[in-house]
Amino acid sequence: VLYWLKIFMKFVQSLALLCVALIAAVVLAAAEPNGAYCGSYMGSMVTGKAVMNSKSHSFNLDVKAFGKSFSCENIEFEMKGKEGHVLVPDAMNANSCLGDMLHSNGLSLDVSYDLRHNKVTLDLGVTKLDLKSC
């Protein structure tokens with residue numbers, strides 16, 4: 001009887017570990033921004049909207065700042081690490097729509113995603129723009 005009890009306990013432990021792994025996989029799959037995110041800074045002096053597509057790992061970005069409008073489409077992104085850092089290669093490419101917009105205006109771009117609050121933050125070097133699901 002003790003032998004079968006030990007086998008049963010190992011089976012239950014294995015089943016529990018499998019359940020934890022499946023739950024972790026579901027959480028990690030949902031740990032990327034998806035959908036529309038909107039925000040503003042200083043009232044309506046700076047507004048932004050990013051439409052994120054987690055399946056294609058790309059987003060469209062519309063920013064209005066101090067009377068200027070900027071729009072870029074199909075910007076690729078990649079999630080890096082567990083802290084929510086979002087790598088955006090086009091930000092460093094002056095020949096891309098996003099890179100040209102940033103470089104022409106003396107800006108940089110650092111993007112992060114806060115899963116807990118479902119918020120995307122665009123750090124443009126001179127200001128941060130928090131975008132929430134909209």
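Mentor: Let's start with a term: a disulfide is a pair of cysteine sulfur atoms within 2.5 Å. This is a predicted model, where local features need pLDDT of at least 70, side-chain atom pairs count only at pLDDT 80 or more, and totals for chains, interfaces and linings use all residues. Residues are numbered from 1 along each chain as its sequence is written, and side-chain values use heavy atoms, with hydrogens and water left out.

Trainee: Thanks! How many disulfides does that rule give?

Mentor: One joins cysteine 72 to cysteine 97, S to S 2.1 Å. Another is formed by cysteine 38 and cysteine 134, with sulfur atoms 2.0 Å apart. By the rule, the count is two.

Trainee: Is the link of cysteine 72 and cysteine 97 left-handed or right-handed?

Mentor: Look at the angle about the S-S bond, which is -80° for cysteine 72 and cysteine 97. That makes their link left-handed.

Trainee: Is cysteine 72 buried or exposed?

Mentor: Buried means under 20% relative accessible area, exposed over 50%, and partly exposed in between (1.4 Å probe, protein chains only). Cysteine 72 has 4% relative accessibility, so it counts as buried.

Trainee: And the other pair: how many residues apart are cysteine 38 and cysteine 134?

Mentor: With 50° about the S-S bond, the link of cysteine 38 and cysteine 134 is right-handed. Cysteine 38 sits in strand β1 (residues 35–41) and cysteine 134 in the segment after β9 (128–133), so-called distant parts of the chain, and the separation is 96 residues.

Trainee: Which pattern do the disulfides of the protein chain follow?

Mentor: Count the bonded cysteines along the chain. The pattern is then 1-4, 2-3.

Trainee: Back to helix α2: why are its buried residues on the same side?

Mentor: In α2 (residues 97–104), the buried residues are Leu98, Gly99, Met101 and Leu102. They lie on the same side of α2 because the arc they cover around the axis, taken from the directions from the helix axis to the C-beta atoms, is only 160°.

Trainee: Which strands are included in what covers those buried residues of α2?

Mentor: Contact here means heavy atoms within 4.5 Å. The cover of the buried residues of α2 includes β3 (58–65) and β4 (68–76).

Key. Helix = DSSP H or I, 4+ residues; strand = E, 2+ residues; numbered from the N terminus.
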